[in-house]
There are 2 protein chains.
Amino acid sequence: MADLAQLADVSKITVSRALSDSPLVNRETRDRIQALAREHGYKLNVSARNLRLRRSYTVAVIVEMKPSNDRTMFDPYPLVLLGGISQELTAAGYSVLLTTRQGATAAAVQAADGLILLGQGVHQDAVRRFDKLGLPMVVWGARGEHDEHTIVGSDNRAGGAAVARHFVSKGRRNPIFIGNPGHLEIFERLSGFVDESAVHGIKPLLIRRDEFTVASGIDAVESLAARGVAFDAIFACSDLLAMGAIRALDALGRKVPKDVSVIGYDDMPLAASFMPPLSSVRQDWQAGGTLLARKVLGLIQGEDVGSEVLPVELVVRNT
Amino acid sequence: MADLAQLADVSKITVSRALSDSPLVNRETRDRIQALAREHGYKLNVSARNLRLRRSYTVAVIVEMKPSNDRTMFDPYPLVLLGGISQELTAAGYSVLLTTRQGATAAAVQAADGLILLGQGVHQDAVRRFDKLGLPMVVWGARGEHDEHTIVGSDNRAGGAAVARHFVSKGRRNPIFIGNPGHLEIFERLSGFVDESAVHGIKPLLIRRDEFTVASGIDAVESLAARGVAFDAIFACSDLLAMGAIRALDALGRKVPKDVSVIGYDDMPLAASFMPPLSSVRQDWQAGGTLLARKVLGLIQGEDVGSEVLPVELVVRNT
DNA sequence: GCAGCAAATGATATCGATATCAAGATATCG
DNA sequence: CGATATCTTGATATCGATATCATTTGCTGC
């Protein structure tokens with residue numbers, strides 16, 4: 001900037017003002033300086049600006065990425081969320097600092113202006129840990145009873161309820177829920193499902209499975225069959241579980257959807273091309289990401305943003 | 001730091017040294033200062049340090065994230081890569097700055113110490129554009145003829161060749177390749193496939209399809225059938241294409257793998273659970289991410305790292 | 001013709017860290 | 001005992017931007 005100042009025969013501060021489009025400087029001067037800056041390939045030193053402004057214009061996104069074949073890493077979900085976040089923040093002139101939980105102690109993270117927490121396993125302890133940083137923070141997921149932080153998530157309860165209503169409309173009386181209600185989001189799906197079923201005098205059976213894999217879905221149905229449990233509908237809390245379930249049902253000679261209705265969750269791209277095309281509950285992750293970003297930005301600006309729940313949509317296909 | 005200096009009754013610079021574990025300061029003093037820092041929740045101001053050191057300790061990762069249902073956004077691939085990158089960089093004390101191509105003009109990106117380019121569509125023009133930033137840069141993908149930049153990718157050519165050999169070993173004489181050789185990586189797979197086939201006197205047929213979707217795979221096989229083309233093997237350059245192809249073959253009454261062998265690419269988690277379990281070429285993305293990160297770090301340190309090609313593995317299952 | 005005001009620019013201090021060089025304290029040695 | 005080396009600490013300048021207050025210039029209106 002000092003160099004530019006010399007070139008333009010003005011002071012450093014005028015250059016600074018010109019480059020930030022300040023109305024304090026004559027339009028002519030401003031254009032001249034901006035042209036010079038372009039011409040000489042001037043690049044703002046972000047560190048210097050941030051130091052002076054006491055801001056980093058950076059939002060840290062903390063993703064849970066476990067090494068192995070965990071759901072989080074392989075499902076499209078976090079990436080689409082990241083896409084939405086990245087787009088929105090970038091547009092607002094912020095940068096996205098991506099970290100795993102382990103790396104979150106890095107100095108750069110602590111210097112962030114805000115925090116976004118992703119990952120289904122975001123439990124209270126993790127939230128509290130990051131809360132101590134004292135940064136504006138938004139969490140993706142479901143809202144627990146005593147949560148005070150800002151949460152953005154999709155309406156898991158409504159999703160569960162919609163599935164329950166669908167099953168009822170198909171005359172199903174003995175539905176199964178497969179999943180891990182230990183995760184708050186899954187628990188919400190289960191609650192919505194159970195509550196809505198109860199309205200119609202139906203009591204679903206819970207088969208707890210911790211892994212969100214095809215194998216796990218197969219296993220769940222096999223264990224049901226082995227135990228001789230009667231059922232005519234399955235609500236799996238992930239599409240992979242649902243696919244596994246259908247595979248297992250097929251092997252058992254039970255027809256989907258004639259004998260058993262099956263509905264998955266997430267509506268991953270493959271669901272539509274599954275054979276048979278899988279019915280599923282869709283959440284709009286891109287929108288989720290956008291919203292997460294807007295909320296942090298709001299918090300950073302000192303606004304009073306509340307938590308928000310995004311609608312979901314039951315996509316009925318052939319199962 | 002000035003406050004800590006007062007508290008410890010030393011100078012700022014001693015505090016600075018103590019906190020960075022400099023051997024220049026007495027162990028006792030150092031411990032005392034570090035204890036004080038912890039106690040008072042001192043946080044390093046990253047901007048200030050970066051300003052002084054003329055470094056940002058940040059590597060920008062530029063991902064192509066197109067809005068719609070593009071392959072990039074939904075496949076597990078970039079996320080796993082990101083996981084590897086993030087892990088490695090974080091361990092080295094660097095931060096990961098995630099951006100889309102559009103956001104890459106942001107000041108923070110230009111301030112990065114290095115650049116990693118991801119996305120199958122990384123063409124020459126994009127590479128050149130970012131090259132102008134003059135930063136250490138590593139690209140994921142395949143190596144073009146005139147490429148001078150550092151490239152990390154998996155051995156697409158070997159992948160294609162392995163598939164060709166497999167087909168030959170199964171006695172297949174009329175193989176089809178489905179995919180878009182416009183992408184350099186895909187082109188390499190095709191080349192390896194074609195060259196290795198030629199060794200055995202076989203000439204594959206190329207069906208060009210630009211989308212990496214199940215629908216596209218179905219469409220490809222249907223068009224083959226409509227044109228009355230004879231074939232007994234399909235090498236699809238993505239698992240989704242392969243799944244679509246198998247679906248379509250099924251509809252046409254052709255058995256897999258009895259009548260037609262099918263092999264996909266990427267070995268996505270679902271491939272193993274597909275019905276029938278899909279044979280596929282696997283690349284180790286986690287390792288790729290790690291390697292990408294190491295290369296940039298090397299470049300940043302001024303080392304002379306070369307390009308590198310990672311091995312792939314043909315996973316033969318039931319197709 | 002001069003006070004008063006607006007527009008444009010500048011001088012200086014500052015953000016919070018580290019590099020460089022200087023200097024005091026202590027130890028070692030012939 | 002003085003000289004030299006070693007250990008430890010400090011003073012000062014600096015990284016590159018912006019906030020604040022000051023100043024200059026040109027113009028308006030009575």
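Visitor: Which helix gives the most to the surface near DNA strand D?
Guide: This is a predicted model, in which local features need pLDDT of at least 70 and side-chain atom pairs count only at pLDDT 80 or more, whereas totals for chains, interfaces and linings use all residues. Residues are numbered from 1 along each chain as its sequence is written, while chains are lettered from A and ligands numbered from 1 in the order in which they are written. Helices (H or I, at least four residues) and strands (E, at least two) are DSSP runs, numbered from the N terminus. With 5 residues, the most given to the surface near DNA strand D comes from α4(A).

Visitor: How many residues surround DNA strand D, and how many of the residues of that surface are charged?
Guide: A residue is near a strand if its C-beta atom, placed from the backbone, lies within 6 Å of it. On that basis 23 residues surround DNA strand D, with A:M1, A:S16, A:N45, A:A48 and B:V10 the closest. The classes are nonpolar (Ala, Val, Leu, Ile, Met, Phe, Trp, Tyr, Cys and Pro), charged (Asp, Glu, Lys and Arg) and polar (the others, Gly among them). The surface near DNA strand D divides into 11 nonpolar and 7 polar residues, and the charged ones number 5.

Visitor: Which helix gives the most to the surface near DNA strand C?
Guide: Of the 23 residues around DNA strand C, those that come nearest are A:V10, B:M1, B:S16, B:N45 and B:A48. Two or more residues of this surface are given by each of α2 and α4 of chain A and α2 and α4 of chain B. The most, 5 residues, comes from α4(B).

Visitor: Which element of chain B supplies the largest share of the side that touches chain A?
Guide: Contact here requires C-beta atoms, placed from the backbone, within 7 Å. The contact takes 45 residues from chain B and 45 residues from chain A. On the side of chain B that touches chain A, 26 residues are nonpolar, 17 polar and 2 charged. The largest share of that side, 8 residues, comes from α6(B).

Visitor: By what kind of axis are the two copies related?
Guide: The copies are superposed by least squares on the C-alpha atoms of residues with pLDDT of at least 70 in both. Chain B can be laid on chain A with an RMSD of 0.1 Å by a turn of 180° and a shift of 0.0 Å along the axis. The copies are therefore related as by a two-fold rotation axis.

Visitor: Is B:S238 buried or exposed?
Guide: B:S238 lies in the loop between β8 (233-236) and α12 of chain B, and touches B:F212, B:G264, B:Y265 and B:D266, not counting residues up to four places away in sequence. A residue is buried if 20 or more other C-beta atoms, placed from the backbone, lie within 10 Å of its own, exposed if 12 or fewer, and partly exposed in between. Because 27 other C-beta atoms lie within 10 Å, B:S238 is buried.

Visitor: Which residue is the bridge partner of B:I62 in β3(B)?
Guide: Strand β1 (residues 58-63) of chain B runs parallel to β3(B), with 4 bridges joining them. In β3(B), the partner of B:I62 is B:L117.

Key: Two residues are in contact if their C-beta atoms, placed from the backbone, lie within 7 Å. Two strands pair if DSSP finds at least two bridges between them.
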